[in-house]
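Please keep the sequence and the model in view while reading the numbered points.

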Amino acid sequence: MATTDDQVTMDDYLAIIRAKEGGSRRGSVTFLPEPVPYERKHTIISVDDHLVEPPDMFEGRLPSKFDDRVPRIVEKDGGEHWLFEDNLIVNVGFNATAGRPTEEWSMEPTRFSEMRRGCWDIHARVKDMDLDGVQASLNFPSFLAGFAGTKFSKAKDQEFGLAVTRAWNDWHIEEWAAPYPDRIIPVQITWLSDPEIAAQEIRKNAERGFKAVSFSEDPTGHGLPSIYSRHWDPFLAACEETDTVVCLHIGSSTRTPGVRADAPLIVPVNVLLLNAYLAAADWVWSEVPLRFPNIKIAMSEGGASWVLSMFDRLNYVYKRHAGWALEPEQAERWKRSDVTPAEAFLRNFWFCTFDDPSAMRNLDVIGAHNVMLESDYPHSDGTWPHTQAVAEALVGHLPREEAELITYKNASRLFRHEVPAHIS
């Protein structure tokens, strides 16, 4: 298996799966019976769900000079795949398991007919949200774009890649979010090749109604400058200026630290929260909260149980090791700041989880104002169609004020998305 800096990448996992399956596909596909809607005990805003890009999403959205290169669906080995430049991108569904029995869960190349329609059709999605008792949802890309638009930013023809990035965002705001503005929170993908252009796109898209941007938890996973450099400051400044939430989706670096090449696939699933832990440490110690004190960072799908450990460790190492483990000018900047690293962590970061009882037991430290819920539809980690039941088990024992903060009020405030009074 190929590795990058001794870290296994998503492409490595896909190669393992294809090798196990020998290139063959299952003979049958099963859909479970339609679920019965849950009683709505909680108003829920899910801050991490996913869409699967539909086959026609780029039609009429690119400059005419790219007419013969528009990304499209092609058939191969019984599956439907995206063709982008000369790359055949597998996994149209990318783990779109909602409504399928667990024994059929996989990451194999998928046909649209093998996915629940709510994966790629907005009208069916809203119906699935109703079944699940989810009032509003923020939807990240699937495997075509990459969680942060990384596939398009790596285009051989950078002009074409930027045009496709803009087309994806156009489709998202016009076709996915606009039909149901009270149900969908618009999130854009990033142009990673140039932070100045990325900043321009952030400002333009903020005027169009985008509330968030999906950015890589660790840009070095894509061969880009790290967050410790000042390379990304124009982009971050635009996010702070426009109140655009920076969503660091778990796995958006394409790799899981420390997973060995011969480990079973369940290991990266087990330890994926390490990505959020490491990303949070990078973003705090890179001094992003010092340079941009009003920036808002959401650790999308990162969980929250690790936050207590991070908070304690930030306090401990700052008090004990700042004198020698930081450069003198860095130590001085933190000393002059009105917050410690741990305080900046809780001031500028929000934490997204779907089933994290340990976090609920430590809200006195983490703070109920920093935690939000997600359903992760349609992925295998997701709670659809049981999100109401999961939410009740998670926050039902909490005081009503705290429960409402976690289920929807924090998300409503962070993403500036009002919930109708008759719903809340």
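1. Gln-158 is partly exposed, with a relative accessible area of 33%; on this scale buried means under 20%, exposed means over 50%, and partly exposed lies in between, with a 1.4 Å probe and protein chains only. Gln-158 belongs to helix H4 (residues 158–177). Helices (H or I, at least four residues) and strands (E, at least two) are DSSP runs, numbered from the N terminus. Apart from neighbours within four places in sequence, Gln-158 is in contact with Ser-153, Trp-191 and Ser-193, where contact means heavy atoms within 4.5 Å. Gln-158 and Ser-193 are 35 residues apart in sequence, yet their C-alpha atoms are 8.2 Å apart in space.

2. A word on the basis of these values is in order. This is a predicted model, in which local features need pLDDT of at least 70 and side-chain atom pairs count only at pLDDT 80 or more, while totals for chains, interfaces and linings use all residues. Residues are numbered from 1 along each chain as its sequence is written, and side-chain values use heavy atoms, with hydrogens and water left out.

3. Is Leu-144 buried or exposed? Leu-144 counts as buried because its relative accessible area is 2%. This residue sits in the loop between strand S6 (136–140) and helix H3 (150–153). Not counting residues up to four places away in sequence, Leu-144 touches Glu-53, Phe-58, Trp-82, Ile-89, Lys-151 and Phe-152. Leu-144 and Leu-88 are 56 residues apart along the chain, with a C-alpha separation of 9.8 Å.

4. Three strands form an open antiparallel sheet in the order S3-S4-S5; two strands pair if DSSP finds at least two bridges between them. Strand S3 (72–76) and strand S5 (87–89) are at the edges, each with a single partner strand, so one side of each has no neighbour in the sheet. On average, neighbouring strands of this sheet are turned by 45 degrees against each other, direction ignored; the axes are lines fitted to C-alpha atoms, for helices over the stretch in contact, and angles run from 0 to 180 degrees between N-to-C directions.

5. S3 and strand S4 (residues 79–84) run antiparallel and are joined by five bridges. Among them, Ile-73 has Trp-82 as its bridge partner in S4, and Glu-75 has Glu-80. The two strands form a hairpin with two residues between them, and Asp-77 in the turn has a positive phi of about 50 degrees.

6. Within the parallel sheet, strand S9 (residues 212–215) pairs with S10 over four bridges, and Ser-214 has Cys-247 as its bridge partner in S10. In a regular strand the side chains alternate between the two faces of the sheet. Strand S10 (residues 245–248) is covered on both faces: Val-245 and Cys-247 on one side, and Val-246 and Leu-248 on the other, are all buried. Strand S12 (residues 297–299) and strand S13 (residues 349–353) pair in the parallel sense over three bridges, and the bridge partner of Met-299 in S13 is Phe-351.

7. Two residues other than glycine call for a check of the backbone. Glu-287 has a positive phi near 70 degrees and lies in the loop between helix H8 (273–285) and helix H9 (288–291). Glu-287 counts as buried because its relative accessibility is 3%. Glu-301 has a positive phi of about 60 degrees and lies in the loop between S12 and helix H10 (307–325). At 10% relative accessibility, Glu-301 also counts as buried.

8. One joins Tyr-377 and Pro-378, with omega about 0 degrees. The peptide bond from Trp-384 to Pro-385 is likewise cis, with omega near 0 degrees. Pro-378 lies in the loop between S14 and helix H15 (387–395), and Pro-385 is placed in the loop between S14 and H15.
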